[in-house]
Amino acid sequence: MGTVQVKRVYEPVEATDGKRILVDRLWPRGMKKESAHLDEWMKDAAPSTELRKWFHQDATQWPEFTARYMHELEQNNAVNALLDIINKNKIVTLLYGAHDAERNHALVLLQFINEAIK
């Protein structure tokens, strides 16, 4: 089982990133595809468009967003593909584009993955 970490896609690429997977539904603003140094882009692991738009209207709804996204992840086949990648790689970095490093969907996804691995 590999180590999974979370990082903003705009941060510099590091040797310790391992396999780099973008987990946003939308391409990060201002980021050139060659600059991202991605191994995978898993759009379907991101929150649904409806949930993403709802949360962006009121970011104070973090606990409710987390609960709704966890529910989506329970029914999401992309999570199984992501778990397969994690099983096959020593280090996996989940990349996101959001500005908020403490409240973003990649952290919820990481929490979901860690619970699934246990």
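Predicted model: local features only at pLDDT ≥ 70, side-chain atom pairs only at ≥ 80, totals over all residues.
Local features are given where pLDDT is at least 70, and side-chain atom pairs count only at pLDDT 80 or more, while totals for chains, interfaces and linings use all residues. Residues are numbered from 1 along each chain as its sequence is written, and side-chain values use heavy atoms, leaving out hydrogens and water.

**View A. Helix H2 (residues 49-57) beside helix H3 (residues 62-74).** Helices here are DSSP runs (H or I, at least four residues), numbered from the N terminus. H2 and H3 pack at about 175° with their axes 10 Å apart; axes are lines fitted to C-alpha atoms over the stretch in contact, and angles run from 0 to 180 degrees between N-to-C directions. The pair is therefore roughly antiparallel, a label for angles over 145 degrees. Leu-51, Trp-54 and Phe-55 of H2 meet Trp-62, Glu-64, Phe-65, Arg-68, Tyr-69 and Glu-72 of H3, where contact means heavy atoms within 4.5 Å. Six of these residues are nonpolar, none polar and three charged (nonpolar: Ala, Val, Leu, Ile, Met, Phe, Trp, Tyr, Cys and Pro; charged: Asp, Glu, Lys and Arg; polar: the others, Gly among them).

**View B. H3 against helix H5 (residues 105-117).** Among the residues in contact are Phe-65, Tyr-69 and Leu-73 of H3 and Val-108, Leu-109 and Phe-112 of H5. The residues of this contact divide into eight nonpolar, three polar and two charged.

**View C. Helix H4 (residues 78-88) against H5.** These axes come within 11 Å and cross at roughly 70°, so H4 is roughly perpendicular to H5. Val-79, Leu-82, Leu-83 and Ile-86 of H4 touch Leu-109, Phe-112, Ile-113, Ala-116 and Ile-117 of H5. By class, this contact has nine nonpolar residues, with no polar and no charged ones.

**View D. The largest pocket.** About 690 Å³ of space lies inside. On a 1 Å grid over the protein atoms alone, a pocket is an open set of points where a 1.4 Å probe fits, with protein on both sides within 12 Å along at least five of seven lines; lining residues have an atom within 4 Å of a point. Of the 22 lining residues, Asp-24, Arg-52, His-56, Gly-97 and Ala-98 are closest to the pocket's centre. H2 gives the most to the lining, with three residues.

Key: Helix = DSSP H or I, 4+ residues; strand = E, 2+ residues; numbered from the N terminus. Points joined across faces, edges and corners; volume = space filled by probe spheres on them. Parallel < 35°, antiparallel > 145°, perpendicular 65-115°, else oblique.
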